[in-house]
Amino acid sequence: MSDSKRHVVVHPDYKEFESEILDCIESFKKEGDLVLDGGRNIIKSFSLGSEIINIKSFKKPQFFQAFVYKYLRESKAKRSFEYARKLINLGISTPFPIAYVEDFSSIGLDSSFYVSKHIDYDFDFRDLIHQPRFPDRQNILEQFTEFTFQLHENGINFLDHSPGNTLILNQGQGTYQFFLIDLNRMVFEPMGFEKRMHNFRRLWLSKTMVDIMSKKYAKLCNRPESEVYEAMLKHSRTFQKKIDSKKLRRSGRKMNFKK
């Protein structure tokens with residue numbers, strides 16, 4: 001369409017690869033290695049020079065959302081790119097932001113892509129939940145707690161602080177590096193104690209995990225262990241009950257429909 005428009009932003013370190021990046025986006029549907037098909041969003045990997053990059057294609061927004069993302073709010077691709085740059089400046093690890101691309105029509109946002117450097121990680125936080133005997137589990141949980149404390153100290157409220165959104169790299173000798181992904185839902189704001197504890201709720205922590213992590217967080221924030229434990233457990237259990245009740249309601253609706 002004559003009134004369509006493409007907006008391209010490339011990190012200065014990758015400016016020389018702009019045409020290659022755009023070629024990858026143009027061939028996204030037919031080429032690239034599938035990393036994740038989440039239904040709404042799709043991630044594929046491509047070669048770029050001597051590196052591997054990941055390109056995330058966000059779901060095409062519906063009419064109203066398309067209008068909002070053009071005139072009222074930044075797109076998920078733009079937010080992912082800008083938040084990643086901000087995190088890195090604050091010393092928080094995340095896959096390096098390479099570029100974002102937005103395609104607009106006369107109505108609004110049509111499609112958008114976020115490009116980042118591929119991370120060869122060893123496991124993610126979900127493994128610590130599903131494998132209680134995961135090697136060096138307590139040490140990893142304590143270091144992850146330090147990582148989350150660093151987020152909070154920097155005024156970062158990561159709204160999607162959930163098991164699949166932290167990639168973990170084993171650096172050897174008992175040290176681990178944590179990378180945040182799926183960054184578009186984030187607020188930079190002062191983090192009081194309750195807001196900090198609330199931020200742990202989506203991690204689906206067991207009582208054992210809460211015990212380990214609350215003790216570590218209590219030392220970091222200089223609060224009584226019992227206070228941190230009770231607050232972290234309260235928010236975790238409230239969230240888990242909410243999700244479980246939703247699953248039950250959905251299950252009930254399906255059963256009634258079958259009847």
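**Close-ups of aromatic rings**

**View 1. Phe 125, Phe 144, Phe 147 and Phe 178 come together in one aromatic cluster.** This is a predicted model, where local features need pLDDT of at least 70, side-chain atom pairs count only at pLDDT 80 or more, and totals for chains, interfaces and linings use all residues. Residues are numbered from 1 along each chain as its sequence is written, and side-chain values use heavy atoms, leaving out hydrogens and water. Rings of Phe, Tyr and Trp (its six-membered ring) pair if their centres lie within 6.5 Å; planes under 30 degrees apart are stacked, over 60 edge-to-face, and the rest tilted. That rule gives 16 aromatic pairs.

**View 2. Phe 123 meets Tyr 176 edge-to-face.** Strands (E, at least two residues) and helices (H or I, at least four) are DSSP runs, numbered from the N terminus. Phe 123 counts as buried because its relative accessibility is 8%; buried means under 20% relative accessible area, exposed over 50%, and partly exposed in between (1.4 Å probe, protein chains only).

**View 3. Phe 149 and Tyr 217 form an edge-to-face pair.** Here the distance is 5.4 Å centre to centre, with 80 degrees between the planes. Phe 149 belongs to helix 5 (residues 137–153) and Tyr 217 to helix 7 (residues 207–221). Both Phe 149 and Tyr 217 are buried.
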